[in-house]
Amino acid sequence: MVQDQPKNPLHGITLEALLTELVERYGWEELARRVNINCFKQDPSIKSSLKFLRRTPWARTEVEALYLRLKNSPWNR
């Protein structure tokens with residue numbers, strides 16, 4: 001049973017879509033500077049980053065927070 005989550009700003013956005021948008025916006029180098037995790041620094045790829053982020057809650061939280069800041073930025077309109 002799927003529940004509506006009207007107050008969850010990430011509802012309906014996959015981790016892959018979120019990460020892809022961040023990489024397109026910032027690139028791997030800038031993303032690694034903003035979120036200090038090795039999977040963004042050493043031979044980065046969407047696939048390896050997704051694997052790491054799915055296993056590491058604190059890193060996923062940081063990436064999701066960066067995505068929300070990007071989406072809520074007045075310069076992103």
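**Helix packing and salt bridges**

Arg 33 has a relative accessibility of 59% and therefore counts as exposed (over 50%; buried is under 20%, partly exposed in between, with a 1.4 Å probe and protein chains only). This is a predicted model, in which local features need pLDDT of at least 70 and side-chain atom pairs pLDDT 80 or more, while totals for chains, interfaces and linings use all residues. Residues are numbered from 1 along each chain as its sequence is written, and side-chain values use heavy atoms, without hydrogens and water.

Student: Which residue forms a salt bridge with Arg 33?
Tutor: A salt bridge here is a side-chain nitrogen of Lys or Arg within 4 Å of a carboxyl oxygen of Asp or Glu. The closest N and O atoms are 2.7 Å apart, and the partner is Glu 30.

Student: Is Glu 64, which meets Arg 60 in a salt bridge, buried or exposed?
Tutor: Glu 64 and Arg 60 are four residues apart in helix α3, about one turn of the helix, and their N to O distance is 2.9 Å. Arg 60, with a relative accessible area of 31%, is partly exposed. Glu 64 has 19% relative accessibility and so counts as buried.

Student: How many residues apart in sequence are the parts tied together by Glu 21 and Lys 71?
Tutor: The closest N and O atoms of this salt bridge are 2.6 Å apart. Glu 21 is partly exposed at 26% relative accessibility, and Lys 71 is partly exposed at 31%. Glu 21 belongs to helix α1 and Lys 71 to helix α3 (residues 57–72), so the parts they tie together are separated in sequence by 50 residues.

Student: At roughly what angle do the axes of α1 and α2 cross?
Tutor: Axes are lines fitted to C-alpha atoms, for helices over the stretch in contact, and angles between N-to-C directions run from 0 to 180 degrees. Helix α1 spans residues 15–34 and helix α2 residues 46–55, and their axes come within 11 Å. The crossing angle is roughly 125°.

Notes: Helices (H or I, at least four residues) and strands (E, at least two) are DSSP runs, numbered from the N terminus.
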